[in-house]
Amino acid sequence: MTVSRRDFLKAGTGAALLAATPRWLAARSLREPSLAPPITDPDVKPLALLALDAARSAGATYADVRLTHTWSRSFEPFNAIIQDAEEMAVGVRALVNGYWGFASGPYWTPDEMARLGREAVAHAKANALGKARVVELGKIRVVADGHWVTPVKIDPFTVSIDEVLDYLHGLQVYTESAYPGVSANVGAGFQRQEKAFASTEGTFVTQTLYRTDAGFGISYDNQQLRTDPRQPIMLPSSLLGSAARGWEYIREAPLREEIPILMARLEKDWRLPIKPVEVGRYDVVLDAAGVANLLAGTIVAATELDRALGYEANAGGTSWLNRPLAMLGTEPVGAPLLTVTGDRSTPGALATVKWDDEGVEPEPFTLVKDGILADFQTTREGAGWLAEYYTKHGKPVRSHGCANAPSALHATMEHPPNVAITPGRADVRLDDLVKDLDAGILVTNLTATTDFQHVNGESHSGNFYEIKRGKKVARIDGAGILFRAPNLWKSLTALGGARSLEWHGAAAVKGEPARQSAFSIGAVPARFKDVTIIDRTRKA
Amino acid sequence: MRGRSEPRRLLEEPRRFLSQAQCEALAQRAMRFAVGGGDTALYIDTWWSGEMRWGRNRVTLGSDRRNNELTVSRIIRGASASARTNQIDDVSIQGAIRAAERALRYRPTSPEDIKDPAVHFDYLSPAIWSDRTFALGADECAAVARALIEPAEQAGMLSAGYIEVRGAGRALIRSNGEPLYAPYTQAQCSMTVRDPKGTGSGWAGLSSYDWGRIDGAALAQRALQKCLASRNPVAIEPGRYTVILEPQAVHDLVQYVVMKFDRRSFAEQGNHTFALRPFFSKLGLKVADSRVTISHDPMHPDLGVVPFTPSGEPVRPVTWIDHGVLTALSTDRGYALQWLHQNLGSPNTFAYQMSGGETSVEEMIATTKRGLLVTRFSNISLLDPTSLLYTGVTRDGLWLIENGKISKAVKNLRFTESPLFVLNSIAQIGTPVPVFSPEAPAIVPPLKVDDFSFTATIDAI
């Protein structure tokens, strides 16, 4: 080792962009590929502080800096495609007279830290030349030195490519040979993101977050059963999905037990008579996956505070809950049995962190309490927008920890936390809800699209079954549901119990430039009354 | 591109993205790390982005972001694999090369990837760089944003909007081909003006490579007028209506047709929009009204794109639909060599121009007994891939036309319709104009279309 990291850091290196090695730890040796510094390396903090010093000297009243180092690896066994990707980024945010500036780039070098600190302030100052704007940042408990790692059993990046490919390929071969006519499509992706956050208030925390995505699609080709002669029957299965877990999420999934159960059910369903849609109002039972999808498209999106106040008007849109201060504590958004909570601490859930991207340690909070709007998703600035309500009700003006960004290249904004429906008290499962249905419709794997205020929507896929005296009697072809969100949630008549709770991965896209965040939804099967069933491909 | 002079501002320091020389030097370093023979390719998108966002009449964030996106590919005996990184030091580049070589071991040899070596192609030089765009700094951008907010605030309305200017370089540098590099700029400006009570909403936006071609003040006026005129809408019954679609609304639908000009997928699946039956396309058949021609010429002053694809193929003029007849579907060079005995494919960059007519939107309104004027569509999702049936909603201004006049603002509606139906139900066509399409430029006319299918009323404004 010729140059120590600390020497390198002090030296500041003004060398030309390409001659230098912006990956600062690489200075150890140019011949051998060395691992990038772990985020807990003692030199990361002084590096981060360089950005804060620069922002402060340039005139920032508040500044924060994030460093992220993200690895991803994806497997597409069918086409034998394996792709690795690595991204390092640093982003600095500065506040001057109520206006924000942000600057980001790919290099973790001392010079770059200082440049980004100054650049962020220059942007804030340019914006601050106009009319006055006030930003009150919600209270924060300063953590001077915190470290956290997503608990995973097996870091997927320590598993050999051969083992992953072999396992995924085996799953496909097993499914296809055990069930003639079935073709399985298996894929997986892993992500590890190390990140550091430091602010001028004295917070410094680092985290290592893991995520595993797995897809397991099944299509069944039987000419006699095809409803459309050109299309094989696709049956997206929910045996795997996305979770903040390691390789064990796939390796330990009891697929060899679940596949026969799934196939037995699908084969039974395929043999049901097929009926055309009879448009009308029906009692409908949805499985947990469908409830999760509806929740994400309606209540989760509508309770994003920036959206509700109109800050997203030029992007994804606003919210039907558009007068937060007047609506909190009074606005009915569902039946009294509907309670919805937000939380970023559920083990294995995609939005789970120890600290959010503003250094706030999130606490669980209630968005909907017994059918009434109880709160919004907030960042530190957002908490200030609701200060009047919080103060009046003796609550602290404190962020719910929903600041998030895909990496430090992007500015943080409010993104959904993990959200869950509180299960019903009785130990009820999907089958029980179906059994209790005298006449109605069961829908599995429903997906829906809504409008730009998340109020009216329509399903665009899902498996619909006619239920008579508690039994599936037919598959309904081409059906969909048409809904108005508050009315749909008010028509909720029964919820599954705690044992029927399932976690499903979800994604939200918002902002300009657009960025995507992942979160998990905890949902139970549910029954609704008088749901409008339509022929979804029928034109007016 | 040989002999291409760099734009003046690019020569100034400090650089905000990697120059051609820097990309080539980077590639030279990378190629030294390759082990096991074969070829190496670096595809680089290196960019700077200046952004300004506002909401509720105040700027909420100004930002400066930069990044280098490198895709390192190794190609040995017709098999290829790649890895990505955003770092340009030796350690990272070597790591990416090793990752690509590791992935390559699992890849089968693809006959389509075996091409004749180092063929020289001629590349076009489209207009894609604007000094005006690259020069728009934070101070000027903030001043522009304030000027765009002003009319809305004075009228007691709430404005939310976004300006983005981008300067970038795209490079493809291969061990077996000439180095390609193209600097380009992108600019966009859009805003939504809303009534504080949430009873009306208007939008306007435009994108271009050249910031100088975007008239922000005109957009601000248009968004404000649409907001004021759309307030307190009344509900009307869903059903089939004659619709007058402004150019943006036409683009919101027709872009999905343009994305479908894809030959490979129908050949492989047979259930494609433009498939006649498995392995046979609708090429040569009539798929739209005779007045419809959809084409792309990269040399059009408003339709410039980077003149090469990620695999180094030249982007050339193409006519997808000629007077209603499907005349082309996209192919890559591998497919063209193997199946068509042609040296070049026809890539689809999604940039397009749709033919127009003489009728102004005012004339369309004046000649409509009963119909709807649509500003744009939003939240569009696919219902059926074969018939290209979509559902979505109208947004930011929908008006009822009665007896040749706009009579009232109406509540937004959900549609269930196919853009191909739209292209076959045209009553009148207007003059094509550039629209807001930051991903790929588009020039689109307004249309009057009969029997457009609206299936539900929605509450969202």
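How much area do domain 1 of chain B and domain 2 of chain B bury between them, and what share of it is on carbon and sulfur atoms?

1. Domain 1 of chain B and domain 2 of chain B bury about 3,000 Å² between them, with 60% of it on carbon and sulfur atoms. Buried area is the accessible area (1.4 Å probe) that two parts lose on being put together, summed over both.

2. Basis. This is a predicted model, in which local features need pLDDT of at least 70 and side-chain atom pairs count only at pLDDT 80 or more, while totals for chains, interfaces and linings use all residues. Residues are numbered from 1 along each chain as its sequence is written, chains are lettered from A and ligands numbered from 1 in the order in which they are written, and side-chain values use heavy atoms, with hydrogens and water left out.

3. Domains of chain B. The assignment, which is automatic or from a database, gives domain 1 (8-222) and domain 2 (233-461). Their centres, taken over C-alpha atoms, are 26 Å apart. In contact (heavy atoms within 4.5 Å) are 39 residues of domain 1 of chain B and 40 residues of domain 2 of chain B.

4. B:Arg222 forms a salt bridge with B:Glu246, with 2.8 Å between the closest N and O atoms. On the side of domain 1 of chain B that touches domain 2 of chain B, β4 (158-174), β5 (180-194) and β6 (201-208) of chain B each supply at least two residues. β5(B) gives the most, with ten residues. Strands here are DSSP runs (E, at least two residues), and helices are runs of H or I, at least four residues, both numbered from the N terminus.

5. Sheet in chain B. Six strands form an open sheet with mixed pairing, in the order β12-β11-β10-β13-β20-β19 (chain B); strands pair if DSSP finds at least two bridges between them. β12 (325-326) and β19 (433-434) of chain B are the edge strands, each pairing on one side only. β19(B) pairs with β20 (residues 442-444) of chain B in the antiparallel sense over two bridges, and B:Pro434 stands opposite B:Ile443.

6. Chains A and B. Between them, chain A and chain B bury about 6,900 Å², 51% of it on carbon and sulfur atoms. The contact involves 81 residues of chain A and 81 residues of chain B. Nine salt bridges are counted between the chains. B:Arg102 and A:Asp84 meet through their side chains in a salt bridge (2.7 Å, N to O).

Notes
A salt bridge is a side-chain nitrogen of Lys or Arg within 4 Å of a carboxyl oxygen of Asp or Glu.
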